[in-house]
Amino acid sequence: MKRLPEVLRDWEAVIGLEVHTELTTLNTKMFCGCALEFGAAPNSHTCPVCLGLPGALPVPNKAAIESIVLAGLATNCEIEKESMFYRKNYTYPDISSNFQITQGPVAFCMRGWMDLDVDGAAAHERVDLKEAREQGSYTTRIGITRIHMEEDAGKLNHVGSVDGRIAGATHSLVDYNRCSTPLIELVTEPDFRTPEEARLFMQKLRQIYLALGISDCSMEEGSLRCDGNISLRRRGEARLGTKTELKNMNSFKNLHDGLVYEICRQAEVLEEGGIIYQETRHWDPTARHTIMMRQKETADDYRYFPEPNLTPFVLSDDFIEGIRARLPELPDDKAKRFQADFGLSAYDVRHLVEQRSTADFFEACMEAAGGVGAGGGAVPGGAEGVKPLAKPLANLIINDVAGYLNANDGTDLADTALTPARAVELVRLLADGAVSSKQAKEVFAAILAEDKDPQAIVAERGMEQVSDTGAIEVVVEAVLAENPDKVAQYQGGKTGLMGFFVGQCMKAMGGQGNPKVINELLAKKLG
């Protein structure tokens, strides 16, 4: 099978996503009063309504409607004032009523879009964009067809198989706790051309939903799930090819890898004269290939008809504008503010706002340093005086803090010993030359392990760098005097020996000499 870059030279991938997000921050289900609780005892949060028993009538959850309108406004959707629920009929054990309540042709949110900034290695997948390859970045607009509301189905637990899948299972158990969990489904236009674009879109959408506070967006627990629709066409063609739907992409990596495999698989089939069938396929991350599950259903297969137990919805202007007033500062706006206020690069701000916790921590650090407070409000001292600290603070958070959080999955930064004041103090010690970058990493680890202030750790461990020019000059002169042959070689053009001289000076000072001062004095004395 050809690799992706080779395939994309001849074929254009056309990709659309369907992103399912459970509204996990709500207290109750979509059409009943049962509690929402992940991991509860099986079938402990059910009632006649969410089980679809005869005579039980659904009552819509107003907070869920507010949440989907928030999602629509945050993704530039038009909010439809009039819409209604339908029944999507199918027979499967995960839904005891044999139908799912969902929205029909007109959803609450229609015709939206999101701009996607693609850079670095991700930009190189677009082999058709010469400018993207040369500049290493580009921006593409992804159309959003709709965001509709529906109830989630139950969960099947397959028993007896090696990996928990239905293949090889001896029997399956049904947990109906998840039935009627409020779920929003965002459907994009087929505007993605590479797996990297799809992955970045999912990451950005997750950031937005987390900022809105409508879901915990846990792909591991299934509250954020994604299906991909993929087809190929020869470069230069306008007609769309036959698409397949790819399921079970429950991580950003699986999303990217699954799309890569399916693109390459389809190309191989087509180049060998085969036919692509419209079907639903399953991504197996262990075997790293896709498996045919079933032929793709159409709308006719589901026999949609208006839900007879729910009246049509009419959203007033006051209702919509009231929701709009609740919109928080979104990740893109926060990133632009960080660039404007603190002079950070696009790369820095993108990584800072990837997680709400790291973005909030950076703001708290700048506030502690005397800059701009949360939400952009000014605090005494202004931003100008602390701008030089913004870049090193961003580096600390993007590299060290994010690395620690990744290594300790599930850890809340607020529960660690690293406070904004301590982060600022550590960065100031590094900026003032009191510690080296290597020592700063040691201090960072000690803060988390020992719950102490940076200055106390430096003092206890005798880590303070010597920056006194007179003291360092004595050491520099001694090192040069001890190595006349190397001095002659350096002055003869072998400038790479500067590293040797710096190392000898640092060794003589027990690693506590300020490297910047040492370099300056050596350069001066070596001419």
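Helix α4 has 18 residues and spans 26 Å from its first C-alpha to its last, close to the 26 Å expected at 1.5 Å a residue. This is a predicted model. The protein is divided into three parts: domain 1 (4–114 + 142–151 + 182–322), domain 2 (331–460) and domain 3 (469–526).

**Helix α4**
- Helix α4 is mostly covered, with 17 of its 18 residues buried.
- Gly-213 follows α4 and has a positive phi, near 75°.

**Nonpolar cores**
- The largest nonpolar core holds 73 residues. Within this core, Leu-17, Ile-147 and Tyr-209 touch the most other members.
- Helix α4 (residues 195–212) gives the largest share of this core, nine residues.
- In soluble globular proteins, nonpolar side chains tend to be buried together.

**Contacts of Tyr-209**
- Leaving aside neighbours within four places in sequence, Tyr-209 is in contact with Thr-21, Ala-71, Ile-147, Ile-184, Leu-186, Ile-214, Ser-215 and Cys-217.

**Domain spacing**
- The C-alpha centres of domain 1 and domain 3 are 63 Å apart.

**Helices α16 and α17**
- Helix α16 (residues 484–491) packs with helix α17 (residues 498–508) at an angle of about 145°. Their axes are 10 Å apart.
- From α16, Lys-486, Val-487 and Tyr-490 meet Met-498, Phe-500 and Phe-501 of α17.
- The residues of this contact comprise five nonpolar, no polar and one charged.

Notes:
Residues are numbered from 1 along each chain as its sequence is written. This is a predicted model: local features need pLDDT of at least 70, side-chain atom pairs count only at pLDDT 80 or more; totals for chains, interfaces and linings use all residues. Side-chain values use heavy atoms; hydrogens and water are left out. Domain bounds come from an automatic or database domain assignment. A nonpolar core is a set of buried Ala, Val, Leu, Ile, Met, Phe, Trp, Tyr and Cys residues joined through side-chain atoms within 4.5 Å. Buried means under 20% relative accessible area, exposed over 50%, partly exposed in between (1.4 Å probe, protein chains only). Helices (H or I, at least four residues) and strands (E, at least two) are DSSP runs, numbered from the N terminus. Contact means heavy atoms within 4.5 Å. The expected span of a helix is 1.5 Å times one less than its number of residues. Axes are lines fitted to C-alpha atoms, for helices over the stretch in contact, and angles run from 0 to 180 degrees between N-to-C directions. Ala, Val, Leu, Ile, Met, Phe, Trp, Tyr, Cys and Pro count as nonpolar, Asp, Glu, Lys and Arg as charged, and the others, Gly among them, as polar.
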